[in-house]
Amino acid sequence: MGAETSILQGCDLEEPFETSSPQKWKIHPAKRNDGSRVSVFIHKNTEQKSDKRLENAAKQLKILRHPTILKFFDSCNNVEGTYLITELVKPLELVLENLTSEEICAGMYNIIEALNFLHQRGGVSHNNVCMSSIYVSQDGGWRLGGMEHLCKFHEATVQFLEQVSPLRDPKIIPPEEKDEKSDRSSTSPDWNI
């Protein structure tokens, strides 16, 4: 390892979670020297340059603090990749089948609260709410992550959404966005979350 060891120093990484969702991150549960448990999101660069969307995700998690948004601890970007340390979470897809209907309703409410916070207080649009952007904390609360495509509402133009469309989960792109013949505004689409 290179410069990323500064934030990973003292983190004992476990095997990454295996998920079927398309993700750029490998998510490792880890234990720090002080005994606390964290999640370490790792993306290794395949090219010589870093991925600005992943850096944006780390930046947004650092800025946007809310109980229903993935809690940020630290991050590092270098030529090898992007590293992000957060509260200990598991991807939703790994625990969903074991949840009761009440836990699922409470989790959905957590995500609605997160989106309300992003829209009302942050003035931003997430643009990729899907299974792979939702995590479950140790206390069972759902946390919204996956901030790679987050932007201010005025930046969420049709051109921006078309540009990031191949990078988003295709199952969650709304029909209005897929339909090239629809009459869409080029400023702030109302179907944009």
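Visitor: What covers the buried residues of helix 2?
Guide: This is a predicted model. In it, the cover includes strand 3 (37-44), strand 4 (72-78), strand 5 (81-87) and strand 9.

Visitor: Which residues of helix 2 are buried?
Guide: L54, E55, N56, A57, A58, Q60 and L61.

Visitor: And how many residues has helix 2, and what does it reach from first C-alpha to last?
Guide: Helix 2 covers residues 52-63, so to speak 12 residues. Its span is 16 Å, close to the 16 Å expected at 1.5 Å a residue.

Visitor: Switching to strand 9. What sheet is it in?
Guide: An open sheet of 3 strands, ordered 6-8-9, with antiparallel pairing. Strand 6 (89-91) and strand 9 (142-144) are the edges, and each pairs on one side only.

Visitor: What about the twist?
Guide: It averages 40° from one strand to the next.

Visitor: How many bridges between strand 8 and strand 9?
Guide: 3, in the antiparallel sense; strand 8 is residues 134-137.

Visitor: Which residue stands opposite W142?
Guide: V136.

Visitor: Which helix packs on that sheet?
Guide: Helix 4, residues 101-122. Helix 4 touches strand 8 and strand 9, and its direction makes about 30° with that of strand 9.

Visitor: New topic: T86. Where is it?
Guide: In strand 5.

Visitor: Buried or exposed, and why?
Guide: T86 is buried, because its relative accessibility is 0% and the cut-off for buried is under 20%.

Visitor: What is T86 in contact with, leaving aside neighbours within four places in sequence?
Guide: V38, S39, F41, L70, K71 and F73.

How values were computed: Residues numbered from 1 in each chain as written. Predicted model: local features only at pLDDT ≥ 70, side-chain atom pairs only at ≥ 80, totals over all residues. Heavy atoms only, no water. Pairing = 2+ DSSP bridges. Helix = DSSP H or I, 4+ residues; strand = E, 2+ residues; numbered from the N terminus. Axes fitted to C-alpha atoms, helices over the stretch in contact; angles between N-to-C directions. Contact = heavy atoms within 4.5 Å. Expected span 1.5 Å × (residues − 1). Buried < 20%, exposed > 50% of the residue type's maximum accessible area, 1.4 Å probe, protein only.
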